[in-house]
Amino acid sequence: MSKKKLGLNTVCTHVGEVKDEQFKGAVSPMYLSSSYEFLDVEVKRYPRYFNTPNQAYLAKKIAALEHTEAALIFGSGMAAISTMFLAFLKQGDHIVVQNTLYGGTVNFIKEEFPKYGIEYTFTNGYKVKDFDQAIKPNTKLIHIETPSNPLMTITDIKAIAKLGKARGVLTSIDNTFASPVNQHPMDLGIDMVMHSATKYLGGHSDILAGVVASSEAHIERIWNVGKNLGGNLSDMTVWMLERSMKTLGLRVKAQTKNALKMAKWLLKHPKVAKVYYPGLKSHPEYQLAKSQMSGFGAMLSFELVEGLDAYQFQKALLLIKSSMSLAGVESTVISPHLTSHALLTQEERDAVGISDQLIRFSVGIEDVKDLKADIKQAIAALQ
Ligand SMILES: *Cc1c(COP(=O)(O)O)cnc(C)c1O
């Protein structure tokens with residue numbers, strides 16, 4: 001059967017299974033060996049070489065989901081992104097990065113790149129012209145994130161891929177927020193896709209992992225650096241990630257559906273001043289999101305009206321938890337001004353539109369009526 005023709009949920013369930021030849025069990029056996037036969041074998045297996053059975057096979061599922069040739073599994077999203085960057089950037093090179101990136105990625109760039117002599121420019125915005133203006137003769141990579149955290153801005157993926165090709169610069173994307181269920185950047189011409197698998201791919205808030213997917217040639221280059229940096233995922237967790245990903249399609253579709261319902265409901269709520277969700281017609285890039293995403297994702301943000309304390313609101317929620325992370329089957333909220341953007345000054349936060357009233361909402365699989373009731377009672381408790 002051709003893998004291209006398999007549907008999303010079939011890929012999630014079956015592609016990249018390790019066959020249990022010995023006992024014919026229904027699920028992949030877990031191979032925990034860190035030591036494999038060395039003499040006269042075709043593949044010299046070692047966990048740090050990304051080629052243990054569980055790592056190598058799960059990579060096939062990731063590649064199939066991202067519509068590409070190959071993938072690698074890492075110990076965290078940051079291990080994935082840092083290895084990808086260091087595979088394509090050396091001393092004297094330059095990278096153009098979107099201004100609104102995951103905080104850990106920003107820290108990695110600012111704290112580590114100067115030590116390697118790698119130059120970087122954060123764009124002034126997320127429009128194509130902002131990336132175009134930032135390209136220099138030594139630019140080797142453009143890195144984007146869409147939808148972005150926490151205001152869900154949408155970057156034009158196809159246009160960025162085209163810009164990269166026209167200027168001879170590779171392009172990469174952090175596809176964590178959309179997940180491979182809702183967005184396929186490789187189909188739009190992007191060269192490399194990475195995820196924090198800690199989020200939707202894991203989906204149950206119990207795994208730290210990362211992945212990169214791309215062509216065989218790019219993955220080989222990343223592999224060469226990855227085996228030196230050693231940011232691999234233990235095979236026990238690889239197995240857990242495989243199990244989690246069987247329900248990726250089901251989970252993320254249910255979460256995406258819930259998010260649209262919640263966004264529309266919040267938009268009408270008298271105590272909510274603003275809602276940021278690419279699936280709302282009021283979102284400035286609604287049409288662009290519609291054209292490049294197959295679903296609008298399950299992340300949204302909203303602002304409570306002035307006078308309602310965002311901190312007290314979160315404390316008053318009974319079902320929805322406050323959490324620094326996101327994308328689990330359970331709904332969670334967080335104040336970006338207390339977490340991801342806590343190190344910025346008030347003026348800097350005002351400039352990027354992160355108000356103290358802003359709440360980021362990772363919508364789970366619960367029944368929408370219960371999520372609405374929880375938000376309702378929390379707002380009532382504040383009045
Ligand atoms: C969480 C996250 C990361 C970092 O992933 P870790 O698994 O925590 O290392 C990178 N990008 C985005 C968008 C994230 O949400």
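Student: What does contact mean here?
Tutor: This is a predicted model, and the term is applied to its atoms. Two residues are in contact when their heavy atoms lie within 4.5 Å.

Student: What share of the contacts with a separation of 6 or more comes from residues 24 or more positions apart?
Tutor: Take the contacts in the chain with a separation of 6 or more. Residues 24 or more positions apart account for a share of 73%.

Student: What radius of gyration does the chain have, against that of a compact globule?
Tutor: The chain has 383 residues, so a compact globule would come near 21 Å. The chain agrees with that, at 21 Å.

Student: How many helices and strands does the chain have, and what percentage of its residues count as buried?
Tutor: The secondary structure comes to 14 helices and 12 strands. Buried means under 20% relative accessible area. Of the 383 residues, the buried ones make up 54%.

Student: How far apart do the centres of the positive and negative side chains lie?
Tutor: The chain carries 43 positive and 37 negative side chains. The centres of these two sets are separated by 5 Å.

Student: What distance separates the end C-alpha atoms of helix H3?
Tutor: H3 covers residues 77-88, which is 12 residues. At 1.5 Å a residue, the helix should therefore span 16 Å. The model agrees, with its end C-alpha atoms at 17 Å.

Student: How many residues of H3 are buried?
Tutor: The helix is mostly covered. Among its buried residues are Ile81, Met84, Phe85 and Leu86.

Student: Is Lys24 buried or exposed?
Tutor: Lys24 lies in the loop between helix H1 (8-14) and helix H2 (53-65). Its phi is positive, about 60 degrees, although Lys24 is not a glycine. Exposed means over 50% relative accessible area. Lys24 has 61%, so this residue is exposed.

Student: And Phe50: buried or exposed?
Tutor: Phe50 lies in the loop between H1 and H2. Its phi is near 65 degrees, a positive value in a residue other than glycine. The cut-off for buried is under 20%. Phe50 has 6% relative accessibility, so this residue counts as buried.

Key: Residues are numbered from 1 along each chain as its sequence is written. This is a predicted model: local features need pLDDT of at least 70, side-chain atom pairs count only at pLDDT 80 or more; totals for chains, interfaces and linings use all residues. Side-chain values use heavy atoms; hydrogens and water are left out. Helices (H or I, at least four residues) and strands (E, at least two) are DSSP runs, numbered from the N terminus. The radius of gyration is taken over C-alpha atoms; the globule rule is 2.2 Å times the number of residues to the power 0.38. Buried means under 20% relative accessible area, exposed over 50%, partly exposed in between (1.4 Å probe, protein chains only). Lys and Arg count as positive and Asp and Glu as negative; His and the chain ends are not counted. The place of a charge is taken as NZ of Lys, CZ of Arg, CG of Asp or CD of Glu. The expected span of a helix is 1.5 Å times one less than its number of residues.
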